[in-house]
Amino acid sequence: MIIIAERINGMFTNVKEAIAEKNKQVIQELAKKQTEAGATYLDVNVGTAAADQEAAMQWLVETIQETCSTPLCLDSQKPGVIAAGLKVVNADNGVILNSTPLNKKNDEEILDKHIEMAEQAGPKASIIALTMDKNGVPQDIDTRVAIAAEIVSKTMEKGFDSRRLFIDTILLPVKVPNAQVQSGNILTAMDQIKYLADPAPHMTVGLSNLSQGATERSLINRVFLAMAISRGLDSAIADVLDQDLMNVLATAEMLMNKQIYSDSFLKVYSSANKA
Amino acid sequence: MPVPKVAERFTGSVNRLTLGATKEDGGTRSATVTVGGARNVVYGGSAADTGEKPVIAMDVLDSKPEDWPDVLVEPYKDVLDSPGDWAKKCVEEFGAELICVKFDGIHPDKNDRDAAHAVKVTEEVLKAVGVPLVLWGCGNDEKDNEVMPKVSGAAKGEKCLIGTVTEDNYKSLTAIALADGHYLITHAPLDINIAKQVNILTSDMGFPLERIVTFQATGALGYGIEYAYSIQERQRLAALTGDKMMAMPVICDVGYESWRAKEAKLTDAPGWGDPADRGPMWEVATAICLLQAGVDIIRMRHPRAVATVKNFISQIWT
């Protein structure tokens with residue numbers, strides 16, 4: 001399982017303050033703790049509050065790289081912010097560009113741009129593409145799969161290896177009115193998306209989104225994680241510091257025969273999962 | 001439309017390790033042997049992915065074997081009493097890349113020899129040959145715990161491969177192998193889950209995963225080879241997909257297991273062909289089959305079988 005640790009995100013108050021005050025210690029501790037907890041990648045998101053998002057992204061990347069070599073996932077809706085991060089990132093062990101929709105009303109070519117940026121960043125650079133287009137997030141299963149198919153065919157046209165592509169099926173908060181049907185829809189969509197290419201593209205979700213604003217957040221997250229792993233999910237942007245979640249992850253992967261069982265399977269999961 | 005490339009690629013690899021310490025490295029070996037490093041299955045991927053060539057460790061017993069068939073005794077008949085000369089013959093005449101000293105004679109049900117004997121044999125073999133050694137206990141936990149630490153000490157600093165440790169008996173030999181700078185063989189009874197657990201247990205004691213070779217137990221042709229094959233294959237695939245607890249090179253015991261088969265040793269069976277050929281062929285068939293599953297070190301016995309398997313390896317691993 002490719003686990004992208006979510007905690008270095010300007011949406012969290014301590015990270016937001018650390019960015020504003022250039023407090024390296026807070027960021028570096030998060031980087032180390034998440035790495036030890038089993039992160040394959042560290043997500044880096046400056047949030048919306050930073051005055052100069054490109055500079056903030058570069059500061060975060062450099063600050064993290066001073067303390068650990070865990071590969072990074074540069075997270076922004078603005079290609080310029082990701083590009084700024086790419087200028088300073090060490091992509092030797094990999095880097096993920098997170099994320100792009102299929103297309104946007106004001107930017108039809110945004111997916112192509114991300115593919116090009118990834119190609120320039122090196123052979124281990126990957127992209128996350130959202131099953132969403134200029135009309136927004138689709139509500140039904142078929143449109144989700146159709147957008148995923150378009151993303152896959154576009155990457156194939158460009159000769160971009162499907163193993164460097166992550167499809168994010170966009171989890172909506174279960175508490176949002178009428179969104180409860182979406183988690184089931186996403187599972188059905190996953191069944192189909194995994195057959196779009198051979199080798200299959202990775203499938204990822206922003207797991208914590210699902211429980212946004214709800215009670216029993218950790219429980220909701222981990223139950224969905226187990227369900228999605230059974231449908232082929234092989235990556236998640238998630239809270240690696242949630243030990244219960246990580247235990248469910250290890251157990252689900254073991255039950256799906258992705259990891260060989262041993263009596264100490266929980267204990268070794270995070271160390272066995274390093275890139 | 002171009003034909004797509006279908007070769008599978010993997011993200012992980014088998015650990016690479018170098019057995020034997022030369023003078024510069026604090027030992028007395030004249031050569032070292034590097035094993036492991038595969039980044040793909042056998043025949044899969046490019047030539048660069050095949051890793052190091054598998055090697056053959058020829059068995060030398062600490063005490064004269066009582067139950068070997070004539071065909072197997074014949075090539076060694078002058079040296080069976082002298083482990084040093086036996087080892088020398090294996091290296092100089094039969095091209096052994098490693099010598100595996102098997103301490104059968106210390107087993108309480110066999111000769112029940114003591115630690116002083118085992119140490120003497122170890123020193124004798126170290127002196128007689130320059131290749132790295134594999135030092136393999138008798139399989140009786142109590143006796144191995146008593147004798148093998150002394151054997152380890154006698155070869156301190158030589159970077160031998162020593163074993164075996166099991167889920168129920170790993171502490172003393174793991175500790176001493178760590179202290180004496182050796183590599184360790186973790187042993188499981190044809191059980192992939194236990195195999196992984198032994199690796200975890202030894203690694204919990206601070207033994208580096210990069211210094212472990214796994215032994216899954218071997219079944220010869222006709223005697224459970226399919227179990228050994230599928231477990232070794234499963235370990236190799238786990239290694240290649242990044243499971244660090246399973247990324248070790250693999251050793252298998254083809255010699256002992258093949259010569260246990262009645263088809264290998266029975267002389268009074270005219271319909272089965274010449275017994276002089278049958279035994280070595282049994283060993284060859286077992287070895288070559290297991291090589292496809294992913295094996296790095298093969299323990300073997302008959303010189304003709306060794307020559308045939310070496311020839312096979314040199315043609316596949318170029």
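Buried means under 20% relative accessible area, exposed over 50%, and partly exposed in between, with a 1.4 Å probe and protein chains only. By that scale E116(A) counts as partly exposed, at 42% relative accessibility.

The model is predicted, so local features need pLDDT of at least 70 and side-chain atom pairs count only at pLDDT 80 or more, while totals for chains, interfaces and linings use all residues. Residues are numbered from 1 along each chain as its sequence is written, chains are lettered from A in the order in which they are written, and side-chain values use heavy atoms, with hydrogens and water left out.

A salt bridge is a side-chain nitrogen of Lys or Arg within 4 Å of a carboxyl oxygen of Asp or Glu. By this rule the count over all chains is 32.

| Pair | N to O distance |
|---|---|
| E116(A) and K158(A) | 3.8 Å |
| R164(A) and E119(A) | 3.5 Å |
| D161(A) and R163(A) | 3.4 Å |

For D161(A) and R163(A), the relative accessibility is 21% for D161(A) and 30% for R163(A), and D161(A) counts as partly exposed, as does R163(A). Salt bridges with shared partners join D112(A), E116(A), K154(A) and K158(A) into one network.

The E116(A) and K158(A) salt bridge has 3.8 Å between its closest N and O atoms. This pair links distant parts of the chain, 42 residues apart: E116(A) is in helix 5 (residues 110-121) of chain A and K158(A) is in the loop between helix 6 and strand 6. Helices (H or I, at least four residues) and strands (E, at least two) are DSSP runs, numbered from the N terminus. K158(A) is partly exposed, with a relative accessible area of 36%.

R164(A) is found in the loop between helix 6 (141-157) and strand 6 (165-168) of chain A. Is R164(A) buried or exposed? At 13% relative accessibility, R164(A) counts as buried. Its salt-bridge partner E119(A) is partly exposed, at 36%. Because R164(A) lies in that loop and E119(A) in helix 5 of chain A, the pair ties together parts that are 45 residues apart in sequence.

The side chain of R164(A) also reaches the backbone oxygen of A125(A) at 2.8 Å. Apart from its neighbours within four places in sequence, R164(A) is in contact (heavy atoms within 4.5 Å) with residues including A118(A), G122(A), P123(A), S126(A) and I127(A).

**The interface of chain B and chain A**

In this interface, 15 residues of chain B are in contact with 15 residues of chain A. The buried area (the accessible area, 1.4 Å probe, that two parts lose on being put together, summed over both) is about 1,200 Å², and carbon and sulfur atoms give 45% of that area. The rule finds 2 salt bridges across the interface. One of the salt bridges joins the side chains of D204(B) and K267(A), at 2.5 Å from N to O. On the side of chain B that touches chain A, the elements that give two or more residues are helix 6 (192-204) and helix 7 (225-240) of chain B. Helix 6 of chain B gives the largest share of that side, 6 residues.

Conventions: Polar contact = N/O pair within 3.5 Å; in protein donor to acceptor, adjacent residues only side chain to side chain.
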